[in-house]
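Visitor: Please guide me through this model, beginning with the surroundings of the ligand.

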Amino acid sequence: MSVIQDISESIQKGKAKNAKHLVLQALDEGYDPKIILNKGLLAGMMIVGERFKRDEVFVPEVLVASRAMNTGLSILESHLVKEKPDAFLGKVVLGTVRGDWHDIGKHMVAMMLRGAGFEVVDIGYDADTSAFIDTAEAIEADIICMSALLTTTMPAMQEVIDALKRKGLRDKYIVMIGGAPVNQCFAQEIDADIYTSDAMSCAREARKAVLKKRGSHEIFESEGGSAG
Ligand code: B12
């Protein structure tokens, strides 16, 4: 069995220490960090997700798997985002919305945003409306990024946007949303500025958006993307 399969197994079994050692071993063996992420860590997490869906494993098992996943992810961070960003792009407040504990995707988004040159203030999971707005005001953020993994917590994204409107702050911030159940249609419905489906495109669209807001004439056509 390859070290990549071992990594997937370690996530499925929720063995955080093993995950850490195996990720280091895979890096030593010269594996591309993206392969380690996609075919090792995420593949393992997806298998856990399928078992969870079929009621073969329950919240405690998924929780330990998530911890192992986040441990592996933290080792990979500096390898995934190697290049030093050429410029400081701006500040982002990032959190998973109220009622929602899912934070693996959020960690990946934070990683990619930092790699792109943003300062990211991560307000964690189960973050309420005031945490997003107060933090954005306090650090003079450019972007508010919200993550949700449950259909039942998606409305909390709208609450943040509605509160921004009530306070007369809506146009001050670029609002980005994401997470598996979120889509472009929902982004339009709640008046978010940008939806993207993954962490890489989140960083790319965030970069485009701040530069556009500042009136930069940089040309981005060659980068593609799925901005809303
Ligand atoms: C791990 C997990 C948990 C863990 C979370 C631990 C943690 N630290 O994150 C625990 C055990 C706590 C958990 C609990 C629950 N979970 Co859960 N969980 C999952 C699981 C297996 C994996 C999620 C994950 O990490 N995916 C991997 C990451 C990398 O993907 P991602 O989050 O989508 O992120 C990517 C993109 O979406 C995007 N992105 C994410 N955020 C953002 C933000 C922005 C701004 C942008 C632009 C992009 C972006 O970029 C990321 C990387 O590319 C999923 C199943 C699945 N296959 O997804 C179920 C799942 C999400 N859970 C589910 C459910 C039902 C629950 C519970 C209600 C179960 C229960 N009965 O208690 C509870 C709710 C607890 C709560 N209040 O939140 C359902 C949700 C169904 C729904 N549509 O509402 C799922 C889909 C499982 C299922 N098939 O039934 N869960």
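Guide: The shell around the ligand draws at least three residues from each of domain 1 (3–80) and domain 2 (90–223), bounds that come from an automatic or database domain assignment. This is a predicted model, in which local features need pLDDT of at least 70 and side-chain atom pairs count only at pLDDT 80 or more, while totals for chains, interfaces and linings use all residues. Residues are numbered from 1 along each chain as its sequence is written.

Visitor: Which helix gives the most to the shell around the ligand?

Guide: The ligand is surrounded by 37 residues, where a residue is near if its C-beta atom, placed from the backbone, lies within 6 Å. Elements that each supply at least two residues include helix H3 (33–53), helix H4 (59–80) and helix H5 (104–116); helices (H or I, at least four residues) and strands (E, at least two) are DSSP runs numbered from the N terminus. With six residues, the most is given by H3.

Visitor: How are H4 and H5 oriented to each other, roughly parallel or roughly antiparallel?

Guide: H4 and H5 pack at about 10 degrees with their axes 10 Å apart; axes are lines fitted to C-alpha atoms, for helices over the stretch in contact, and angles run from 0 to 180 degrees between N-to-C directions. Angles under 35 degrees count as roughly parallel and over 145 as roughly antiparallel. H4 and H5 are therefore roughly parallel.

Visitor: Which strands stand at the edges of the sheet?

Guide: Five strands form an open sheet with parallel pairing, in the order S2-S1-S3-S4-S5; two strands pair if DSSP finds at least two bridges between them. Each edge strand has a single partner, so one side of each is left without a neighbour in the sheet. The edge strands are S2 (118–122) and S5 (194–195).

Visitor: What is the bridge partner of Met 176 in S5?

Guide: S4 and S5 pair in the parallel sense over two bridges. In S5, the partner of Met 176 is Ile 194.

Visitor: Which helix gives the most to the side of domain 1 that touches domain 2?

Guide: The centres of domain 1 and domain 2, taken over C-alpha atoms, are separated by 26 Å. Seven residues of domain 1 are in contact with four residues of domain 2, contact meaning C-beta atoms, placed from the backbone, within 7 Å. On the side of domain 1 that touches domain 2, the most, six residues, comes from H4.

Methods:
Angles under 35 degrees count as roughly parallel, over 145 as roughly antiparallel, 65 to 115 as roughly perpendicular and the rest as oblique. Two residues are in contact if their C-beta atoms, placed from the backbone, lie within 7 Å.
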